[in-house]
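The sequence and structure come first.

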Amino acid sequence: MKSKFIIFFCLIIVVGFMILANATNIFQNSIAIRSQETYQFMRSWGSDGGEDGQFILPHSLATDKSGNIYVTDTGNNRVEKFSSDGTFISKWGSNGTGNGQFIQLHDINVSPDGRFVYTAELGNHRVQKFSSNGTFVTMWGYENTGGEGASREPHQLALDSFGNIYLTDRANSEILVFDSNGKFLNKWGSKGTEASQFIKPHGIVFNSKNQMYVTDMGNSRVQEFYKNSTFIRMWGTPGQVVQGKFSDSIPGIAVDKSDNIYVIDRLQSKIQKFDGNGTFITMWGSKGSANGTMQKPEDLAINSVTGDVYVSDTKNSRIQEFSQVK
């Protein structure tokens, strides 16, 4: 009787291990299937210089609902506008402190209806608002004016579906909120490592549900919030860039029409893709100057129609376009 019990017990253990091994295999296969998403190089445009379609340190990107692409040509203190295939359309801006001029032009974004373009400058500590063809409308945020809406290091800006503007102030470890004409509404954040705290907040973007994602560079992570600043979740840890790990230089973040999140790692020249909950999907990129490789990429933007990914390949003075392999 005792020997039969021992045999029965051993059979249970063996069957249990088989079930566990099978479940583990299914889990691993599900990850592998998800990670089989790959992106291929489509085209690039730009070279070093000051002519139309050339760049000196192209920094940030934005796309409008028609697929046009706006690029901050930081070294030339101007904005350049292109069609979705990289055809030059127009430009505006010059070096200076006046209306429509720039010093250390850093970021750019487009209103949800495509009518207005907003820029953030480090050198002039301000946001400027333009029509989609580059006509100056207004500006705000000078550091020397003081007040709650002043920003020391305005880095990137994002717009919610109502047209309100959210600005990352890296020096003050804060997010500042304005209406579409620059009226100060709110701010939050402080320096630290806890939830809702930041060390060098940089990239910022909204998904279709008005949930906000911020790249918290100094903490090598992404934080997610509701637009009223309520914390939702965070993900990412410091380390060599593998699934869900980041260096301390993740300046760019973008969202596609399915609310997937793309994060660019400048030091490792890689892009990681996650779902809206922070679950890793895929990764691509490497250092270099050949097609599909990058040198210190700063930002990325998504074509809302095709899903193609545009990357500002900053040190190579070009824009690259990638498409998911179907």
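## Overall make-up

The protein has 1 helix and 26 strands, where helices (H or I, at least four residues) and strands (E, at least two) are DSSP runs numbered from the N terminus. This is a predicted model, in which local features need pLDDT of at least 70 and side-chain atom pairs count only at pLDDT 80 or more, while totals for chains, interfaces and linings use all residues. Residues are numbered from 1 along each chain as its sequence is written, and side-chain values use heavy atoms, with hydrogens and water left out.

Of the 326 residues in the protein, 51% are buried; buried means under 20% relative accessible area, exposed over 50%, and partly exposed in between (1.4 Å probe, protein chains only). Among contacts between residues at least 6 apart in sequence, 45% join residues at least 24 apart, a contact being heavy atoms within 4.5 Å.

## The largest pocket

The largest pocket holds about 810 Å³ of space. Its lining has 35 residues, and those closest to the pocket centre are Thr63, Asn109, Val205, Phe206 and Val255. A pocket here is an open set of points on a 1 Å grid over the protein atoms alone, where a 1.4 Å probe fits, with protein on both sides within 12 Å along at least five of seven lines; lining residues have an atom within 4 Å of a point. Grid points are joined across faces, edges and corners, and the volume is the space filled by probe spheres set on the points.

At least two lining residues come from each of β2 (58–63), β6 (105–110), β10 (154–159), β14 (201–206), β20 (252–255) and β24 (299–302). By class, the lining divides into 17 nonpolar, 10 polar and 8 charged residues. Ala, Val, Leu, Ile, Met, Phe, Trp, Tyr, Cys and Pro count as nonpolar, Asp, Glu, Lys and Arg as charged, and the others, Gly among them, as polar.

## Nonpolar cores

The largest nonpolar core has 13 residues, of which Ile261 and Val263 touch the most other members. β20 and β21 are the elements that give two or more residues to this core. A second, separate core of 12 residues includes Ala254, Ile264, Trp284 and Met294. Such a core is a set of buried Ala, Val, Leu, Ile, Met, Phe, Trp, Tyr and Cys residues joined through side-chain atoms within 4.5 Å.

Beyond four places in sequence, the contacts of Val263 include Thr215, Val222, Phe246, Ile250 and Ile253.

## Arg266

Arg266 lies in the loop between β21 (261–265) and β22 (270–274). Its relative accessibility is 18%, so Arg266 counts as buried.

The side chain of Arg266 makes polar contacts with the side chains of Ser249 (2.7 Å) and Glu298 (2.6 Å). A polar contact is a pair of N or O atoms within 3.5 Å; within protein, one must be able to donate a hydrogen and the other to accept it, and residues adjacent in sequence count only if both atoms are side-chain atoms. Not counting residues up to four places away in sequence, Arg266 also touches Met217, Pro251, Lys296 and Pro297, among others.

## Other loop residues

Gln104 sits in the loop between β5 (88–92) and β6, and Lys296 in the loop between β23 (280–284) and β24. Gln104 is partly exposed at 46% relative accessible area, and Lys296 is partly exposed at 37%.

Lys227 is in the loop between β16 (221–226) and β17 (231–235) and is partly exposed at 32%. Lys227 and Tyr166 are 61 residues apart in sequence and 9.1 Å apart in space, C-alpha to C-alpha. Residues in contact with Lys227, leaving aside neighbours within four places, include Asp160, Tyr166, Trp188 and Phe206.
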